[in-house]
Amino acid sequence: MSDSTPITPNSNPAEAVDSVNTSEEITAIADRSAKTRQLLGMKGAAPGETSIWKIRLQLMKPITWIPLIWGVVCGAASSGNYTWTLENVLKAAACMLLSGPLLAGYTQTLNDFYDREIDAINEPYRPIPSGAISVPQVITQIVVLLLSGIALAFVLDLWAGHDFPNVTGLAIFGTFIAYIYSAPPLKLKQNGWLGNYALGASYIALPWWAGHALFGELNWKIVVLTLIYSLAGLGIAIVNDFKSVEGDRQLGLQSLPVMFGVNTAAWICVVMIDLFQGLIAAYLVSIHENLYAAILVLLILPQITFQDMYFLRDPLKNDVKYQASAQPFLVLGMLVTGLALGHAGV
């Protein structure tokens, strides 16, 4: 007869109860986190949302609105004409609504519509591949956001007293770029370089131009400088490709991690981010905005630190952690640059 391990009753039932409660609390926190990620359109979300309005919001990926809203702030700063009046605050808020919820929301919904097959592989919890929303409902959302954005842009031109509808022109141009980025036959995102640069410019240059045009005269120097800055944005856009490597390979999309391999693409990414911010800092020195240039360089240094700590060591695992750590310094650098350009009267 074999020996058996005796079952010893728990001498402290309170500890067992506490352990169960702690486990339940951890599960509840994880569930809330997954639902928050789902609503914001972030990696690591969970399916199961039933509210159609929350599903529509998830399609618009609110987490992506932040850099566009910030770009408007940078453009207003670079105009050199922004003052803290109630009217200007309302104008800026309307321009943020245009760039963020409306046109970024349009772009993200359109992208999800054309990416529904690849999302079924990479992010099956997304609203369309999960079946949470029908295709006709998605198309309606795209049209409503597009028309609302163009209408608001026209209102802003009237409000600013523009002889030529600059903001409306930028809105139409931006929606066109969004379309050819996501939709066939061009589908720029199939090309790692063109697609990522289109994305970087859309997130940095376009809202910057809109904010600048709303409060000042948009000129070629601002256009060129922000397009150069957008090359740093290209690097940021590459970061987003690492979460989709497997699906991109299966569907033949030529993202940079697919073209060059994960490690080489990670180095391309960080060099682009650091190099072009450095060039902007050098330009600020050339126009004698030395203090702003020094602040920009100081903001680049922690980005390099986080690149070494997280991204270069494991870009597939640490892409989100790197973005959360480093991007605040990048966007602060954008504002520093905007203030410098406004101060210099560029």
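Visitor: Which residues line the second largest cavity?
Guide: The second largest cavity is lined by W208, L225, T226, Y229, I280, Y283, T337 and L341. On a 1 Å grid over the protein atoms alone, a cavity is a set of points where a 1.4 Å probe fits but cannot get out, and lining residues have an atom within 4 Å of a point.

Visitor: And which elements give two or more residues to that lining?
Guide: Those are α9, α12 (262–286) and α14, and α9 gives the most, with three residues. Helices here are DSSP runs (H or I, at least four residues), numbered from the N terminus.

Visitor: What sort of model is this, by the way?
Guide: It's a predicted model, where local features need pLDDT of at least 70, side-chain atom pairs count only at pLDDT 80 or more, and totals for chains, interfaces and linings use all residues. Residues are numbered from 1 along each chain as its sequence is written, and side-chain values use heavy atoms, with hydrogens and water left out.

Visitor: Back to cavities. How many of 30 Å³ or more are there?
Guide: Searching the whole structure turns up two. The largest cavity holds about 310 Å³ of space, and of its 23 lining residues, L68, T107, G174, S202 and L206 are the closest to its centre. A volume is the space filled by probe spheres set on the grid points, which are joined across faces, edges and corners.

Visitor: Which helix gives the most to the lining of the largest cavity?
Guide: α7 does, with eight residues. Also, α4, α7 (166–182) and α8 each supply at least two.

Visitor: New topic: N196. Where is it found?
Guide: N196 sits in helix α8 (residues 192–215).

Visitor: Buried or exposed?
Guide: N196 counts as buried, because its relative accessibility is 3%; the buried cut-off is under 20% relative accessible area, with a 1.4 Å probe and protein chains only.

Visitor: What does its side chain reach?
Guide: The N196 side chain reaches the backbone oxygen of G192 at 2.8 Å. Leaving aside neighbours within four places in sequence, N196 is in contact (heavy atoms within 4.5 Å) with N191, L234, A237, I238, D241 and L256.

Notes:
Buried < 20%, exposed > 50% of the residue type's maximum accessible area, 1.4 Å probe, protein only. Polar contact = N/O pair within 3.5 Å; in protein donor to acceptor, adjacent residues only side chain to side chain. 1 Å grid on protein atoms, 1.4 Å probe; cavity = no way out; pocket = protein on both sides within 12 Å on 5 of 7 lines; lining within 4 Å.
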